[in-house]
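Hello,

Here is the structure I promised to pass on. Please have a look at it, and my notes follow just below.

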Amino acid sequence: MSKRGYAASKKLLTGLIGAPIAHSASPAMHERAAEALGLRGHYQLIEVAGADAAGLRMMLEGVRRLGFAGVNVTYPYKEAVVPLLDELAPGAAAMGAVNTVVARDGRLIGHNTDTTGFARAVAPLLAPSGNAVAVIGTGGVGKAIAFALASLKVSDLRIFDSETARAEKLASLLARHGGATVAKSVEDALDGATGLVNGTPVGMLPNRGMPVPATLLHEKMWVADAVYSPLITPLLAAAQAKGARIMTGRELAIYQAADAFELFTGLAPSTEVMGEAFDEVMAARSAAYHAA
């Protein structure tokens, strides 16, 4: 639908496919952004665990037919939806992972705003040259993070995954985009690294683990985490204790949502409004967690 169409209808239906997603801050961010633009937005959580290709196809057909402007896609379906879509934006096609599906003229088009969102968020942390950055985890979000770093011309990108074949597959995809080295271990990935990004769910509540040992962190590096529940994960707490600069999952969450909203509507949302909505959700979740 065009900008004029949204302005005329004042209605916006979007959503999120994944599992588990009850904790998501996306409804608050998208609905508040819509309200600020004079739209009546509804963001529907579509939580279905264990869906196979047929099940995903049914959900996507509903998106196509029921008036959705589009949906976001999260774990565990970011790669599984790819062959079910009508078209892929170049970035999503290059990495084989989608987190945003736009419904346009009866067609479903896949994009990846994890990549664009992370690139916006991490750019201030990168040195002008000589970056050596380790990415731990090469699943859906790890892929997007690696492609974001490649787009920012990181000169030495190291990737590690406990499933070596998955990391090697990502390295082959990155070969046309600056390349990446598959590390044999976390220690190997972090040897001399100036930056570290956790692209795994390790550290997400109720998990309190760390994707790398604290002994590998130091004050001359920066550390980012894609996890945002809690904002200060065990990894980030350990990095802070060592004097390292940190970036929470807040910025990625907000920027990827803002980029998705613009794809859905053609309208640029306020990241400040989205950030306020995100912060309110996180504050309420923290209070509930500590009260339990």
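Lys 78 forms a salt bridge with Asp 114, the closest N and O atoms lying 2.6 Å apart (a salt bridge is a side-chain nitrogen of Lys or Arg within 4 Å of a carboxyl oxygen of Asp or Glu). This pair links distant parts of the chain, 36 residues apart: Lys 78 sits in the loop between E3 and E4, and Asp 114 in helix H5 (residues 113–122). Helices (H or I, at least four residues) and strands (E, at least two) are DSSP runs, numbered from the N terminus. Lys 78 is buried at 12% relative accessible area, and Asp 114 is buried at 6%; buried means under 20%, exposed over 50% and partly exposed in between, with a 1.4 Å probe and protein chains only.

This is a predicted model, where local features need pLDDT of at least 70 and side-chain atom pairs count only at pLDDT 80 or more, while totals for chains, interfaces and linings use all residues. Residues are numbered from 1 along each chain as its sequence is written, and side-chain values use heavy atoms, leaving out hydrogens and water.

Glu 79 forms a salt bridge with Lys 143, with 2.8 Å between the closest N and O atoms. Glu 79 lies in the loop between E3 and E4 and Lys 143 in helix H6 (residues 140–151), so the pair ties together parts 64 residues apart in sequence. Glu 79 is partly exposed at 33%, whereas Lys 143 is buried at 5%.

The structure holds eleven salt bridges. Glu 61, Arg 64, Arg 65 and Asp 86 are linked in a network of them.

Best wishes
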